[in-house]
Each structure stands twice: as structure tokens, then as C-alpha cells.
Amino acid sequence: AQLKELEAPAFGGQERSAAEERLSEELLAERERLGAAETRLEEERTASQAQLKELEGLRKDFAFADQARQEVEARAAALDAKLEAMETRAAEATLDDEVRQRQGESSRMDKQACGPRSPSPALVQESSEEFNLPDFVWSCGNSEVMAFVQRLVDENMRLKRQQGGGAGVSQGPPSECPASPPLATEIFDAADVPAVRALAFASAISENDGHQIQPLLALFEQHEGDAKVCSQICAALENLTFTDNEHRKNIVRLGGVETILGMLKRFQDADGPLLRPAVDALWNLTFEDEAVDLATEAGGIEQVVEVMRAHAECAEVQSGACAVLLNLAVREPNRWRIIQGGGAACIAAAMQRHSANEEVLEQGCQALYMLAYHPDLRPHVMASKAHEAAKLAMDSRHGAGRVQKWGRWLQEVLNC
């Protein structure tokens, strides 16, 4: 319209020039306004994209935190279950010890003497129960071995009397002979130790003997071909690592994880009870992240699955193996290796085979839950008959409700 006015005859030359100049200024101002609007729009678009990225990052962080929480809860529940089982064993052992102390205190006080000697039948019975030594240890006839075992027995009795002093247990008359150095303060010399003596030493290890870790691992290496010695050393390592984080770290640092896995591989076809201490010691150690990585590098997942297959009828081995796989499953690549190696199928099969065993059902549910919690693995877990295993746990009449609870949780995550 303004251009038409400019073209009209009524406009003179000056007026036309002024109008054109005014129009140019208005067009330039409009372009500047449009440019500023586009700039603001681009800035708002950039800010919106940044906010979207931030929200996506927060969503991923929340998902990761929730996953970490689930994993920590599963591992904590596994530790609670093991603690409960150990407390039950400890209570039973304490009751047995108290009965034996009251029955045999007077005879032990009368029979204390200096120097090597063969133990009396009553003391043999007591000490064999105390240390769980094989019969051939007591009948070997080797005076050096018997002297060493007797020192362990005497020292154990002395420590028990000291602990029971507040409860009215007599501590007996002081011995006139020089006392043997206590196991609790003396580092064992592991050079050229015969199998019988190695068994006796490992049997006497308590949870407070962390300074004996290196000698134990040295004996492990010396007697790597003796299944009984290796099993007893694993039992000692299990005692040392149940509640003490430092003991676990020291054993891991000294190569204990690889040593135990080596034993499981060498004696894979041995009796299940001989392998149980090794599996349980590995269970304790794999609460350490470093142990998880070392076990994975050493083929621990595959070895544990093979042990499960070889000892399908041994409930104790199955429950411990389920717990080890649960601890190893904290790493995402490990979860895939467990699935691909048939670990989920072995766990579900163990739960079905030992449906009356509370520990197998609980540890199995926890391990399958850890795997099934991840959507990409869930179909593989379901294919291993996890639904049937979860139902067995839910319908179990054993335990105080923990098994049934984990069965319900496993069923819920499978139905997601």
C-alpha cells in the first residue's frame, strides 16, 4: 500500500524519497526484530535440549541407583542367611562344649602332665570332637605329631577354662611344666609339614587366628594333591572370613581365591562334603569386589557351575554354589556368563531337587532374582523353569518365612 502511494502522481520527488527512506528503516527494524526473535528461539531450543539431556541422565542415574539398591539388598539377605545358619551351629556347638566341659573337667585336670604323651580315651573322644580330626591322626603312632596335637588340645582347654571362669568353671591347678606357646600368638612354621600335622593345625584355627593365613595358604600349596588337607584348610579359611573383612582382604591379596578355585577343579569329582568348605570359603571371599574380579578372571563362574553339575545330590554344595553365583552376579558381564554357562538352569534344578532344603531354596531364589531383575536376562531366566522354582519356595513349609518371601519376590519380578 505504501509503495502504491509512492507511485501515485500526488507524491513529489522529495516526498517520495523521504517515504522510501522511512520504509527502508521500517523494513530494517522489522528484520532486526525477526533476527532477535530467531536468536531467542534458538537459545530456548538449545536450553530445552540441555534440559532433556539432563533429565535423561537423571533417569539413568535413578535406574542405576535402584539396581544397585536391589543388588545390595540381595547380598545383605544372603549374608543374613549365612549369619543365621552360623549362629545356629555356634549355639549347638556351645551347648555341646558346655556338656563336655562339665563331664570331663575333673579327669582333664588330673591327667595334665609335661612332655609328649598319648591322650587318654576320654580326652581322645573330646579332642576329636573339638577339632574334628580323622581317626588316623589319633592312631598314627608318631610321637611328634601326638605331642603337637596334645599341645593344641591343652591350649584349647586352657582357653575354654579362661572363657568359662566367669561362669564358675574351675581353671585347675597351675602346671609346673613350661607351657607351650599358644596357637593364638605363635606363627606356624609351614616348612615341610606332613599331612597329619597340617590337618591338626588347620583343624585348630579359630576366627581370631588371622596371623595364620599365610601359613595356611603355604600348606595349601604343599598339599595341593591331598583332598582332605585342602578341605580342612578351606574350612579354616571359612572360619577366618565369615565376619572379618580384613581377613578376607588378606586372603584375596595372597591368592586365596585362585587357590580355592584350583582345588575345586582338581577335586571336582571328590565327595561333596569335601568340597563344601571350599565353596563356602569362596562364598565368604566373594563379598569383596576384588575377589569377584579375580574369581571371574580365573573362570570361577564356569567352575562353580561344573561343581553344581557334578554334585547335584549334595544340598550343602548346591546352596553354597548358589550363593557364590549371587555374589559374582553383581557385575553385568558376569550375569551374562552365568546365563550362557547354564548357571540359572543349575540353580532352578537344585531348588527342585532339594525342595525341602531351606537354604537351597533361599539362596536359589536370591540368585535367580538378581538375574531376572534385568529385563534383557529375564526371558533366559524364565526358560530355566524359574517360575516352577519360585512356586516351590512360595509353597515351602520350612523356615520362618524368609524362603516364602523370596519366592514371592522372584515370582513378582518374573511377571514384570
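Predicted model: local features only at pLDDT ≥ 70, side-chain atom pairs only at ≥ 80, totals over all residues.
Helices here are DSSP runs of H or I that are at least four residues long, numbered from the N terminus. The chain has 20 helices and 0 strands, and 44% of its 416 residues are buried. If we take contacts between residues at least 6 apart in sequence, 74% of them join residues at least 24 apart.

**Helix α16 and I347**

- I347 has a relative accessible area of 0%, so this residue counts as buried.
- Other residues of α16 are buried along with I347, among them G343, A344, C346, A348, A350 and M351.
- What do the buried residues of α16 pack against? Their partners are α13, α14, α15, α17 (358–372) and α19 (386–394).
- Leaving aside residues up to four places away in sequence, I347 touches M308, C322, L325, G364, A367 and L368.

**Helices α7 and α8**

- Helix α7 covers residues 213–222 and helix α8 covers residues 227–241; they pack with their axes 10 Å apart, at an angle of about 155°.
- Are α7 and α8 roughly parallel or roughly antiparallel to each other? Angles over 145 degrees count as roughly antiparallel, and α7 and α8 are therefore roughly antiparallel.
- The crossing of these two helices, α7 and α8, is left-handed.
- On the α7 side, the residues in contact are I213, L216, L217, L219 and F220, and they meet C230, I233, C234, A236, L237 and L240 of α8.
- Sorted by class, this contact of α7 with α8 has 11 nonpolar residues, with no polar and no charged ones.

**Salt bridges**

- How many salt bridges does a search of the whole structure find? There are 11 salt bridges, and three of them are described below.
- Side chains of opposite charge can pair when their charged atoms come close.
- R59 and E56 form a salt bridge through their side chains, at 2.6 Å from N to O. Both lie in helix α2 (residues 13–111), and because they are 3 residues apart, about one helical turn separates them. E56 is partly exposed, at 32% relative accessibility.
- R337 and E302 also form a salt bridge, with their closest N and O atoms 3.0 Å apart. R337 belongs to helix α15 (residues 332–340) and E302 to helix α13 (residues 300–310), so this pair ties together parts that are 35 residues apart in sequence. R337 is partly exposed at 29% relative accessibility, and E302 is partly exposed too, at 35%.
- R353 and E313 meet through their side chains in a salt bridge of 3.4 Å, N to O. This pair links distant parts of the chain, 40 residues apart: R353 is in helix α16 (residues 343–353), while E313 is in the loop between α13 and α14 (315–328).
- Which way do the accessibilities of R353 and E313 fall, partly exposed or exposed? R353 is partly exposed, with a relative accessible area of 41%, whereas E313 counts as exposed because its relative accessibility is 63%, and the cut-off for exposed is over 50%.

Methods: Residues numbered from 1 in each chain as written. Heavy atoms only, no water. Salt bridge = Lys/Arg side-chain N within 4 Å of Asp/Glu carboxyl O. Buried < 20%, exposed > 50% of the residue type's maximum accessible area, 1.4 Å probe, protein only. Axes fitted to C-alpha atoms, helices over the stretch in contact; angles between N-to-C directions. Parallel < 35°, antiparallel > 145°, perpendicular 65-115°, else oblique. Left-handed = near helix turned anticlockwise from the far one by under 90°. Contact = heavy atoms within 4.5 Å. Nonpolar A, V, L, I, M, F, W, Y, C, P; charged D, E, K, R; others polar.
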